[in-house]
Amino acid sequence: MVIVRNWFLIAVITLALQTNKPLYAENRNVVDQDRNGEISRNEAENFYRRVFLYIDHDNDQQLSASEFLNSYSNLGRQYSIDGFYGLIDQLDRNFDNFLDIVEYMTAAMNRYRASDMNGDGRVSIVEASNL
């Protein structure tokens, strides 16, 4: 699940670049819209939906490995399309070689819930380091 763990951080950086907002890893302001130091379920859902729409270049409501690669090439690092095929293989529940919004959001929110170490329904700055 290393790919999925890194996927969140890449998503945060990608959205920060897209919106021209500074990225502060210590408080996750890109996700923490009310800047209260915690990421609510609603903030996480809104964030992940925005990332999905950003990656979905052709607006067909599904993500391909090439769309991931095109989106993340903006980060100034070299990524292999094979890594994105691996990500899709891990998360694709209907085996169509794409991630639809349900598959994407299920994986994203599972990661969010797993990071809520104390079970209070919010991810704190300390817990966010587990994302």
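Leu-63 touches Phe-52, Ile-55, Asp-56, Phe-68, Ile-88, Phe-98, Leu-99 and Tyr-104, leaving out residues up to four places away in sequence. Contact here means heavy atoms within 4.5 Å. The model is predicted: local features need pLDDT of at least 70, side-chain atom pairs count only at pLDDT 80 or more, and totals for chains, interfaces and linings use all residues. Residues are numbered from 1 along each chain as its sequence is written, and side-chain values use heavy atoms, without hydrogens and water.

Leu-63 also belongs to the largest nonpolar core, which has 27 residues. Such a core is a set of buried Ala, Val, Leu, Ile, Met, Phe, Trp, Tyr and Cys residues joined through side-chain atoms within 4.5 Å. Buried means under 20% relative accessible area, exposed over 50%, and partly exposed in between (1.4 Å probe, protein chains only). Ile-39, Tyr-48, Ile-55, Leu-63, Phe-68 and Tyr-104 touch the most other members. Helix 2, helix 3 (65-72), helix 4 (81-91) and helix 5 (101-115) each give two or more residues to this core. The largest share, seven residues, comes from helix 2. Helices are DSSP runs (H or I, at least four residues), numbered from the N terminus.

Helix 2 covers residues 41-55. Its 15 residues should span 21 Å at 1.5 Å a residue, and its end C-alpha atoms are 21 Å apart, which agrees. The expected span is 1.5 Å times one less than the number of residues. Glu-43, Ala-44, Phe-47, Tyr-48, Val-51, Phe-52, Tyr-54 and Ile-55 are buried in this helix.

Glu-43 carries a charge. Lys and Arg count as positive, Asp and Glu as negative; His and the chain ends are not counted. Glu-43 is buried yet has no salt bridge, that is, a side-chain nitrogen of Lys or Arg within 4 Å of a carboxyl oxygen of Asp or Glu. The nearest side chain of opposite charge, Arg-122, is 4.7 Å away. Beyond its neighbours within four places in sequence, Glu-43 is in contact with Val-31, Asp-32, Gln-33, Asp-34 and Glu-38.

Now the aromatics. Rings of Phe, Tyr and Trp (its six-membered ring) pair if their centres lie within 6.5 Å; planes under 30 degrees apart count as stacked, over 60 as edge-to-face and the rest as tilted. The count comes to four aromatic pairs. The ring centres of Tyr-48 and Tyr-104 are 6.4 Å apart and their planes at 80°, so this pair is edge-to-face. It links Tyr-48 in helix 2 with Tyr-104 in helix 5, 56 residues apart. Both tyrosines, Tyr-48 and Tyr-104, are buried. Phe-47, Tyr-48, Phe-52 and Tyr-104 form one aromatic cluster.
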